Amino acid sequence: MKDAKSFKIRKQLVMEAYKRVKANQGSAGVDNVSLLDFEQKLGDNLYKIWNRMSSGSYVPPPVKFVEIQKTGGGLRPLGIPTVADRVAQMVVVMTINPSIAPHFHEDSFAYQEKKSALDAIAKARERCQVFHWVVDLDIKGFFDNIDHELLIKAMQKHIQCAWSMMYIRRWLTVPYQLEDGTLVERTKGVPQGSVIGPILSNLFLHYAFDEWMKKEQSNISFERYADDIICHCVSLKQAEFVKRCIKKRLADCKLELSEAKTKIVYCKKNHREIEYDCVSFDFLGYTFKPRRAIDPHGEVFLNFAPAISKKARTKIWETIRKWNHHYWVQITLEEIAKQINPIIQGWINYYGKFHIKVLKQVLMRVNMKLVRWVRNKFKGFRKFKTQAVHRLGDIALTKPDLFAHWSWGVKPTASLRNRKKLAGDRIRRAV
């Protein structure tokens, strides 16, 4: 006789959820079970999740509380669920997403298929050319202060699956576990680091912000990526008015606008000269500010455009600095390329979409790291930096595609000679 289950959950759904969790990687939770450990008894572990979720007896364990350093200073709190709990959360995410995602606003770009942060940046750049003022919003401690009652009210509009609602309620109140084992009760917020958190926080702001803007401020364009929001206005007066209205709206939703970090920005361009102190803002790793540009006729003008931000540059440089050049001495340049090319290509794919000149300058430090490899690898170059640079340049001439950034920007149809010349020139400019 088959066991009667309270809820119909397909075993295949649990397996698909696991595959997504594995693809996202992540560290162990309070049980110290890593993804590798979890895989050792994969069948048994997935069966336990399915069995408990299907019977309604699944109770999530505490969330591991950690704090990580922010790029701009300060600490960001993260809640890390166990691997098994991440799989269970993904089962629910995959179940509820089809009934929620179609309702999101067209200018909400986070956690949605066929939309990305780069799409949000492109739309912001486009609108900054039309509207001369921006309200750059910052919600104080957004993820930690989401009101559970309001969130559940929003969920009930879209989620018909009873067992999904039941488990979400459990995840909302599961306690944090500190390093010493102390449990901390949670009565509000969604842990950053959870699998379920992104879709719930997005749904909360859909009603707290997007739908309200559509109804009350329909003439104001905006881009929102999770809690990163910018609004476009035609005048300073309108920007100040919109800021006041949004502040009140967020307060009604039990959220607080950070006065210190929220700012009104003038999108300064050539054709309008207004004296205003704040003429730049950061959005999704890019800094928007006045930049010199050249029109089709060769005339220089001032444009308001995005490029990789100072915080993002610093983070990249920190990553490059941590690359172990002592270990590199033991391996070949080809092996080094295999290790770091995926990272470099990731930077190029994201930060190389707008104003690529700035990113090219940032990636010069990769070349300097490789120059150090030459100096450490070959005794004859240890005291002669310039000669080491030229040696690396010679290597680039023979293998221009060895590192992702050496021939980046060259058309795929360009001749090998042109790719070699560009790669060699970029190395020599590293001196």
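His355 sits in the loop between α12 (333-351) and α13 (356-362). Helices here are DSSP runs of H or I with at least four residues, strands are DSSP runs of E with at least two, and both are numbered from the N terminus. This is a predicted model, in which local features need pLDDT of at least 70, side-chain atom pairs count only at pLDDT 80 or more, and totals for chains, interfaces and linings use all residues. Residues are numbered from 1 along each chain as its sequence is written, and side-chain values use heavy atoms, with hydrogens and water left out.

Most residues other than glycine have a negative phi. His355 has a positive one, and so does Ala226, which lies in the loop between β6 (221-225) and β7 (228-233). Are these residues buried or exposed? Buried means under 20% relative accessible area, exposed means over 50%, and partly exposed lies in between (1.4 Å probe, protein chains only). Ala226 therefore counts as buried, while His355 is partly exposed.

| Residue | Phi | Relative accessible area |
|---|---|---|
| Ala226 | near 55 degrees | 7% |
| His355 | near 50 degrees | 34% |

Strands of a sheet pair through backbone hydrogen bonds, either parallel or antiparallel. In this model, three strands form an open sheet in the order β9-β10-β11, with antiparallel pairing. The edge strands, β9 (281-283) and β11 (300-308), each pair on one side only. From one strand to the next, the twist averages 50 degrees. Two strands count as paired if DSSP finds at least two bridges between them; β9 and β10 (residues 286-294) are joined by three. Phe283, for example, has Tyr286 in β10 as its bridge partner.

Which helix lies across these strands? Helix α5 (residues 117-128) does, running at about 55 degrees to β10. Axes are lines fitted to C-alpha atoms, for helices over the stretch in contact, and angles run from 0 to 180 degrees between N-to-C directions.

**A pair of helices**

Helices α10 (residues 310-322) and α14 (residues 364-377) have axes that come within 10 Å and cross at roughly 10 degrees. Angles under 35 degrees count as roughly parallel, so α10 and α14 are roughly parallel to each other. Trp317, Ile320 and Arg321 in α10 meet Arg365, Val366 and Lys369 in α14, where contact means heavy atoms within 4.5 Å. These residues divide into three nonpolar, no polar and three charged. Here Ala, Val, Leu, Ile, Met, Phe, Trp, Tyr, Cys and Pro count as nonpolar, Asp, Glu, Lys and Arg as charged, and the others, Gly among them, as polar.

Definitions and conventions:
Parallel < 35°, antiparallel > 145°, perpendicular 65-115°, else oblique.
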